[in-house]
Amino acid sequence: MTIEITNITKRFGDFVALDNVSLEIPDGDLTALLGPSGGGKSTLLRVIAGLETPDDGSVAFSGEDATGLPPQRRNVGFVFQHYAAFKHMSVARNVAFGLEIRKRPKAEIERRVKELLELVHLEAFAHRRPSQLSGGQRQRMALARALAVEPRVLLLDEPFGALDAQVRKELRVWLRRLHDEIHVTTVFVTHDQEEAMDVADRIVVIANGRVEQIGSPDDLYEHPANDFVMSFLGPVTSLNGQLVRPHDIELLAGPEPGSAHATVVRVVRLGFETRVELLVDGSDVWVQTTKETADRLGIDAGCTIHVRPAADAIRPGQRQPSPLASPVAVG
Amino acid sequence: MATLYLSVLVLIPLGAVVWRSREDGWSAFWSDVTTPEAWSTIKLTVLASLGVAAINVVMGTLIAWVLVRDSFPGQRIVEVLIDLPFALPTIVAGLVLIALYGPDSPVGVSLAYSRPGVVLALLFVTLPFVVRTVQPVLLELDVEMEEAAASLGASRFTTFRRIILPNLVPAILAGAGLSFARAMSEYGSTVLISGNIPFRTQVSSVHIYNQIENDNTTGAAAVATLLLIVSLVVLFGINLIERWAVNRD
Amino acid sequence: MTRYLLRFVALFYLAFLLVIPVGVVFRRTFANGFGVFWDSITTPEAVHAFKVTLIVALVAVALNTVFGVSVSLLLVRRNFRGKRVLNLLIDLPLAISPVVVGLALILVYGRLTPVGEWFGNRGIDILYAIPAMVMATAFVSLPLVVRELVPVLEEIGTDQEQAASTLGASAFQTFRRITLPAIRWALVYGIILTFARSLGEFGAIAVVSGRIRNETQTLTLLVHERYTNFDQEGAYAISFTLAFIAIVSMVVLTTVRPKER
């Protein structure tokens, strides 16, 4: 099931949450909507689900227009950041809810619930209340509940945002594996670029109500369309007014063509990697290099060194050749 | 020091009521309570209070819903108005009702000297109870639960029935319990509109008053003790429900 | 749509139960002009009833404030056996018929009881006099201050008070400078509630006061007397005054409330 989003605009009073956004999400993909808080990604997800009505534009599923349909009739599964568990029902009843609404026979419901609980490893908790589960378990229950009705699209709104760092990482991996098994078109919203890079097939970067760039994690990292995307995904530092990745800066013992004069402020050794903080023309710059390089050059606080961007350094704005990227339709 | 105040004011006097009621023995207690007049007032009081509690369950929840989920001009005034029965002296409440629904009614309706009149007075004084217990729960209710139900295919009505209502039940019951207790003990507002016709519109508190005036303090104490016991049971029940609700979260 | 239906039903119910009846009273009160109204509420017995009501209410409020503050502190800051029982006892007055309250006081403090006799021999009347009326009023409004203070005290916690004591403040100083300001608005709210309740008490007062005109008659008793003596206009006049005070206190309460919620 592909999702076609065309010219969606949504305003809340004077605030424009989505500004003429168009994009297409391919069937079976795991797509991340990535961006800073307040940028519009959650709003877009909710528009797809029918939980918000756009002021303009349309939403279609594999060509079928769904813009006028209420959420009940769109057959999308939705998972919320704070679980939205039905706290007065047991875990099993929660998962069964969608099936009960559709008046499936009791035996079928029982079978399906059991299947799903096994899928998310919550069989032992079938008769507990959500309040007796941990955050991670509740989210797995929410996922099982959404999948129970075999939705054509699965939408997740910052699904791991309320969980501890450790649980977040575990569930991230688990979501990827689940998707590989089930192949439902999945869209999830996150502000965590590491999460998006780790899990998604494609990333859509959204900020200020507009799509900044669309591509695979590699595409976005190596060929960022602009300064914003470059600094949002991956470390950056500024050298001579240009954004450059810290690991793309060469450290040189003496002046070379294109290099700049720098004073070392601090050297931090982090195991294999060494981080060197410098002052170049009064601005702070930091460089990521190997222990070996740092030792070879004998760098220490206070000494002088020369730096320049590597020849093949990543730069914003270089058009990527990848055919997957759909043209960015900006306002 | 607080205990002294409490005892002087509450414990000892109440204890005295219970004590006095059994003064002439258990069988005397029973006969005091079952005189035709006493018994009819008890029946009327209990039945009317139950009826009023039931009506309040429906209307109170409805009003709370409208106040929380709807918005219309003048809403803030309505919000404040709900508390009026709390602040108004009961005798004034009685007068207010008789002005519109009594013998000189401008709309020609007369509920005076009738049982519906008693029910009306009780509805007036118990209006805020269910509304005020349900409102905070509605305000705190997780909207996302309703959105989740919608995404799973539930209609508005099904969502209300299966998701919202079950979460409101403890609050509704607590409010109903308070309504019941209040209605059982109401005096001032019923005194005027009911006309206090024995065997027809007389409530227990009026009966107790009459017994006191006739120096039959033992009889009065007997009925009072019965009412006291019922109230205690109800309060205890409310307490249990509230604790069960807290444990569930 | 359902929304409009619900709104209509709710407003209709409220209009016919609450708003229109009150409106009718307002209209009836001034049906013959303001002058008649004024005369009605300034008769000697009306003025006296007003004084009696005020004295009883103020004393009851004072007593319940002191009690309310101490018990709230006790309930929130200390743990002891029987705490739940204490809680239940404090809520008890809400569920008891005011007539029963009156009966209870008669049985303990009446002229023929040991206590009543002891006081009587020293020339102090409890029953059918101000003291019993104060006690009755205090009884029925007992929980109001406590129920306002307890949630606030629980919410603000003990941190500030502990900080004050580490800085050398005595218990009383801590109370006066730290606790009291923090509970100030909740306390005001509770006091106004208690005052409004005390002004409006009828049933218990009817039993213990003896309804002696110009001596132990309160405004609420006066309303009843006038109505049953077919002086409807006079009854409406006093009722209007009481209702007016009630509505004013409600408005004041609504303005005070948001400050601490």
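Biologist: Which two chains have the most contacts among the pairs that touch?

Modeller: Two pairs of chains touch in this predicted model. Chain A and chain C do not touch, their nearest C-alpha atoms being 16 Å apart. Of the pairs that touch, the one with the most contacts is chains B and C.

Biologist: What is the area buried between chain B and chain A?

Modeller: At this interface, 20 residues of chain B are in contact with 25 residues of chain A. Ser151(B), Leu152(B) and Arg162(B) supply 33% of the area that chain B buries against chain A, more than any other three residues. Carbon and sulfur atoms give 59% of the area buried between the two chains, which is about 2000 Å².

Biologist: Which residue of chain B forms a salt bridge with Glu100(A)?

Modeller: The count of salt bridges between chain B and chain A is two. In the one formed by Glu100(A), the closest N and O atoms are 2.7 Å apart. The partner of Glu100(A) is Arg162(B).

Biologist: Which element gives the largest share of the side of chain B that touches chain A?

Modeller: Across the interface of chain B and chain A, seven residue pairs are in polar contact. On the side of chain B that touches chain A, helix H8 (143-151) and helix H9 (156-185) of chain B each supply at least two residues. The residues of that side divide into eight nonpolar, five polar and seven charged. The largest share, seven residues, comes from H8(B).

Biologist: Which residue in E8(A) stands opposite Asp157(A)?

Modeller: E7(A) pairs in the parallel sense with strand E6 (residues 76-79) of chain A over four bridges. There, Leu154(A) is the bridge partner of Gly77(A). E7(A) also pairs with strand E8 (residues 185-190) of chain A, in the parallel sense and over five bridges. In E8(A), the residue opposite Asp157(A) is Val189(A).

Technical notes:
Residues are numbered from 1 along each chain as its sequence is written. Chains are lettered from A and ligands numbered from 1 in the order in which they are written. This is a predicted model: local features need pLDDT of at least 70, side-chain atom pairs count only at pLDDT 80 or more; totals for chains, interfaces and linings use all residues. Side-chain values use heavy atoms; hydrogens and water are left out. Contact means heavy atoms within 4.5 Å. Buried area is the accessible area (1.4 Å probe) that two parts lose on being put together, summed over both. A salt bridge is a side-chain nitrogen of Lys or Arg within 4 Å of a carboxyl oxygen of Asp or Glu. A polar contact is a pair of N or O atoms within 3.5 Å; within protein, one must be able to donate a hydrogen and the other to accept it, and residues adjacent in sequence count only if both atoms are side-chain atoms. Ala, Val, Leu, Ile, Met, Phe, Trp, Tyr, Cys and Pro count as nonpolar, Asp, Glu, Lys and Arg as charged, and the others, Gly among them, as polar. Two strands pair if DSSP finds at least two bridges between them.
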